[in-house]
Each structure stands twice: as C-alpha cells, then as structure tokens.
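Open the model in your viewer and keep the selection panel at hand.

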Amino acid sequence: MALSGSETMDRDEPEETFVFRASCLAFSYSQFAGLERRISSCKCPSFYSGACSSSALMNRTQLKRSSILRMALSGSETMDRDEPEETFVFRAVRIAAVVALYWFVSITMVFLNNHLLDNKDLDAPLFVTFYQCVVTVALCWLMQLLSKMCPRLIDFPSVRFDVKLSREVLPLSIVFIGMITFNNLCLKHLGVAFYTVGRSLSTVFNVLLSYVILKQTTSFRALACCGIILGGFWLGVDQEGMSGHLSWTGVFFGVLASACVSLNAIYTKKVMPALDGNIWKLSYYNNINACVLFLPLILVFGELGQLVKFSRLTDISFWGMMTLGGVFGFAIGYVTGLQIKYTSPLTHNVSGTAKACAQTVIAVVYNSSTKTLLWWTSNMMVLGGSSAYTWVKSLEMKKSPSTVTQDSAKEKLLSGDKEDQGV
C-alpha cells in the first residue's frame, strides 16, 4: 500500500502487481548504488576537475535516493517540494466558506428581489427582470475584459456574439424568460416565507416532462418522493389559505415557474454542446436574447407608462438597488458552480434544501408572523421529499452509470430528423 501510494489495497488488483512494483523500486535503487560505486572508482582527472566534487556528487546521490523513496511512498511520479499538501482542516474551512457564501448570495438575492418587486410605487416586474439581464450582460463583458488584463487571477471565457449561436439558444432563452419572470411574479405575490412551497413542484415536473419528452421512466422510490412533495404543496396551500394570506395568482405563477425550471434544465442539456459546455457562454447568450425579447413585453403589458409615472426614476439609491439585484443574480451562477466544484452535486442539492429552510425561518421571523404546526409540516414535507428524491436518484446513478449515456442519446432525439442543438 505504501509503495503504490494508495490508502487501501485494491481487492481486484493481483498480488503480482505489488511484487512487481517493489522489484522495480529495488532495481532503480540498485542502479543508483552501482552508478555511485563506478563514479567513486573512476580515476579520470578530467572528471574531478569539474565544478562538482566527489562529496557533492555523493550528496546528490543521497538526495536522489530519498526522492525515490518519497515518490514511492506518496505514489507520485514527480516530487514537488514547493507544493504543500492540503490539510483536512484547510479543506473543511474552504468547504464551509464556499457553502456560507452560497447561502449568503442566494438568500440575499431572494430578499432583495422581493424588496424590489414589492414596491407599491412601481408595478413593473418585467422591467425589473429586464434590467437584471442587462446587468448580467454588462458583467460578462467586464469579466471578459478583466480576464484578459489579469489572466492569472480571473478565468473567464472569451465570448463574442454570434448570430447563429444566438438563434440556436433562442428556444431555450424563451423558456429562460418564462422561468425568471414567473419566479419573480411568484415571489412578488407569495412573499419569501411561502416562496419555497409555492415553487416546489420543479421535481414533479422534472419527472413528468422527462417521461413525456425523453420517454424516461422513474423508479417507485423516486415517485414516492414526488408524492411527498405534492402532499406538502397541497397542505401548504391549504394552511396558507386558512391564514388568509394566500394569493392564488402567486400559486399559479409558482406552478408555471416550476414547469419552466424543469424545461430549462432539459433544454440546457441540449444546447450546451453548441456552446462548448461553457455555462458562462450560455448565461451570456440567454441574457442577450432576454434583453431583446423583454422590450416588446414591457410595451405590451403597459409597464412603460408605469416607468414614466414613477417618482424615483432619477433616484440614485433606486438604481443602486436595481444594479445590486443584477449583481447578485450574476453571482448566484458563480457561487453555485463553486459549491458543486468543492463539494458534489448531491451536497449542493442538500445545501440548497437546507438554505431554503433557513430562508423560510428568516422570513417568518423578519415579518413577525405566526404559523401553525401544519404550515411548518408542509414545508418540512416539501424539503424532505426534495432531499429524498436527490438521494434516491444519486443512488440509482451509482448503480447504473450507463444511464447517463442513454439519457444523452435520448435527448438528441428531441431535435427530430435535423440535428438542431438549439432546441
């Protein structure tokens, strides 16, 4: 185990492999020893007239011996003395910092958007969402510029607008617009406390649409988890209605947002190959298309007149809050990727579930609300069912890794006879 550099002995690996490695190591060591003896017995004066003496050569030989031994014990081909090993404490602190950053950005973004959308003087949710898309595009340009100026500090892909790629991403952008718009409208009408339950059907729609579009079946355990989520949703709607704070409009937008989230996930997988699998390119094209498509929607729904009547249109603090909302909207993509990178997709989903629970508690405490036991039970059913579904799917993927390849093949069939990756 020490010579192979692994903590445990692979059960499938034959014992001859271990003996072979040990023999190779002994042979290399004997070669260096023989070389040392031959050099020591050499009487050629031209050799000893060089800059290195016999003692220096001996020291280097000893250094090579120790390096070989350390390489064998560590299991690495080369020995990097300048690169320190990461300690358990360092990794734990880094993971805790990344998770805390994700929680902070996500919760702050939700409360900030709720504050902007709950403005009684400006009833223009489409314009608020449009402005956040503009800020995201501007930040993509800024990050690209900073990446060229400081490539060692900032890693951001070089993005140039391509009309052909924009057309391929357009169907996804339409779903993306529906997702962010219905999300904001759900948040506007339901508030932060009930937002988690109101927009909890994403998993259920994911199972339903995967069967309808991709013809993928779901296991009984996963369906049972969806049943728990549905039960929590209906119980939450019932309890919110009994408290007198339920907005059926908000529930309607929440269901639409959940459906759009599932569609967005499905079509994102299809369009990613056209964008070299880069999530930042996807964000760039999605938000550029959204900026163009939002303009006629703002005119059709009469929000331009709302902007003209708005008294704080020239207020710097208002635009500062709007810009901050856009910055947090851009940052959530970065911290999400960061959390997945340093933990795992499963841990990310569990962290998101715990974050939603904390977000609900903070909203209830902040608004000084009083909720019934059944109301809290509905939240726990939704969060517990979502976590259980994630856990069940992760176990199924570990048991049958070939499913991922099959799913990718099925997704390609969605485009029909023509290979259009933009669909």
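**First stop: a buried pair**

Select K371 and E240: they form a salt bridge, with the closest N and O atoms 3.9 Å apart. A salt bridge here is a side-chain nitrogen of Lys or Arg within 4 Å of a carboxyl oxygen of Asp or Glu. K371 sits in the loop between α14 (345-366) and α15 (373-399), and E240 in helix α9 (residues 220-243), so the bridge ties together parts 131 residues apart in sequence. Helices (H or I, at least four residues) and strands (E, at least two) are DSSP runs, numbered from the N terminus. Both K371 and E240 are buried. Buried means under 20% relative accessible area, exposed over 50%, and partly exposed in between (1.4 Å probe, protein chains only).

This is a predicted model: local features need pLDDT of at least 70, side-chain atom pairs count only at pLDDT 80 or more, and totals for chains, interfaces and linings use all residues. Residues are numbered from 1 along each chain as its sequence is written, and side-chain values use heavy atoms, with hydrogens and water left out.

**Second stop: two more bridges**

Pick D123 and K188. Their side chains meet in a salt bridge (3.5 Å, N to O). This pair links distant parts of the chain: D123 is in the loop between α4 and α5, K188 in helix α6, 65 residues apart. D123 is partly exposed, at 40% relative accessible area.

Now show D118 and K120, whose side chains also form a salt bridge (3.7 Å, N to O). D118 is partly exposed at 39% relative accessibility. K120 is exposed, at 73%. The whole structure holds six salt bridges.

Select F127, L282, Y284, F294 and M322. These have the most contacts inside the largest nonpolar core, which has 42 residues. Such a core is a set of buried Ala, Val, Leu, Ile, Met, Phe, Trp, Tyr and Cys residues joined through side-chain atoms within 4.5 Å. Helices supplying at least two residues each include α4 (88-117), α10 (248-271) and α13 (316-342). Colour α5 too: with ten residues, α5 gives the most to this core.

Zoom in on M322. Leaving aside residues up to four places away in sequence, M322 touches L116, F127, V128 and Y131; contact means heavy atoms within 4.5 Å. Then find the second, separate core of 30 residues, which includes L185, A193, A259 and V392.

**Last stop: the whole chain**

Zoom out. The chain has 16 helices and zero strands. Of its 423 residues, 39% count as buried.
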